[in-house]
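Open your viewer and get ready to click along. We will go from one selection to the next.

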Amino acid sequence: MHVQIHIAAVIVGLLALSGCSTLKLAYSFADNMVEEQAETYLDLSAEQEERLTQQAAALIAWHRSDMLPKYALFFRAQAEIAEAGGWTRKQLRTAIGQFQTLMEQTVAGASPFIAEVISEHTGLQKLAHLEARMADNLAKRRAEEVAKTPQEAIDEWVERGIDRISRFTGPLTKTQIDIIRAYRESGSSTAIRWLKNREYRQNALVAFLRTKPEKTKITAFVSQIILRAHEVIDPEYREISDARWALREAMYFNILVKLNDEQRKELITNLRGYAADMAELAKT
């Protein structure tokens with residue numbers, strides 16, 4: 001995954017952390033997390049490191065003031081649905097669409113900050129460094145995936161799914177875990193195919209930066225390659241992604257309708273806790 005996706009993922013990923021206190025703690029280190037991701041890929045001079053620090057701080061400040069209030073409203077609304085008895089299939093589809101929109105707004109808003117950093121890395125030496133680091137990272141990830149047996153890959157994915165969902169609901173039942181496993185075994189796109197798409201994106205990024213584009217064009221490209229990559233490369237992957245989202249919606253719905261009273265109470269508490277913490281963070 002190229003540098004701009006990693007930076008955007010740090011911002012979005014803050015929302016997937018467990019517990020309100022954890023979210024606050026993570027946010028206190030968020031600018032450092034952004035810097036570390038950028039430094040993994042970029043060849044930075046001392047002056048550029050200083051500018052990166054400034055951009056990371058500005059990015060987090062923007063996310064706190066502009067995005068966190070929107071996420072707080074979303075989480076509060078979902079808590080109210082849970083309290084009213086849970087989601088209908090239509091309500092869940094709407095909620096997923098709303099969350100996707102919030103992620104898109106996050107990427108679009110972060111793009112100018114990312115472009116400010118990347119714009120200094122279009123020279124031959126710095127671009128070669130970026131390309132080499134992306135290639136190394138991709139090769140490592142691909143080797144890790146190839147080394148797994150099909151069953152190991154499924155088991156690891158299922159464990160990650162259990163962890164993500166149980167952070168909100170508490171421990172899952174065997175029936176709910178079986179639903180997650182059935183989703184993974186239903187033919188959703190594999191990690192290897194996802195890595196191929198990632199390779200296409202990385203190649204597109206390098207080719208684009210070789211043209212020495214202006215910052216405004218880099219901003220637009222960052223949003224496009226993250227949110228609408230099919231417009232640039234690998235158009236068939238959009239169908240794969242859409243199918244994966246449809247299956248994921250079915251998986252979440254099947255799990256939610258099987259929540260017991262304890263899980264529903266835990267979910268409501270966590271959703272409201274997230275909303276309150278986000279609203280508080282937005283004001284600080």
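This is a predicted model: local features need pLDDT of at least 70, side-chain atom pairs count only at pLDDT 80 or more; totals for chains, interfaces and linings use all residues.

Residues are numbered from 1 along each chain as its sequence is written, and side-chain values use heavy atoms, with hydrogens and water left out.

Start by selecting Phe-75, Trp-87, Leu-130 and Leu-209, which have the most contacts inside the largest nonpolar core, a set of 58 residues. (Such a core is a set of buried Ala, Val, Leu, Ile, Met, Phe, Trp, Tyr and Cys residues joined through side-chain atoms within 4.5 Å; buried means under 20% relative accessible area, exposed over 50%, partly exposed in between, with a 1.4 Å probe and protein chains only.)

Next, show Phe-75 with Tyr-274. Their ring centres are 5.4 Å apart and their planes at 50°, so the pair is tilted. (Rings of Phe, Tyr and Trp, the last by its six-membered ring, pair if their centres lie within 6.5 Å; planes under 30 degrees apart count as stacked, over 60 as edge-to-face and the rest as tilted.) Both residues are buried.

Finish with Arg-248, which lies over the face of Trp-245 at 4.6 Å from the ring centre, and Arg-164, whose charged end sits over the ring of Trp-157, 5.9 Å from its centre. (Here NZ of Lys or CZ of Arg must be within 6 Å of the ring centre and within 35 degrees of the ring normal.)
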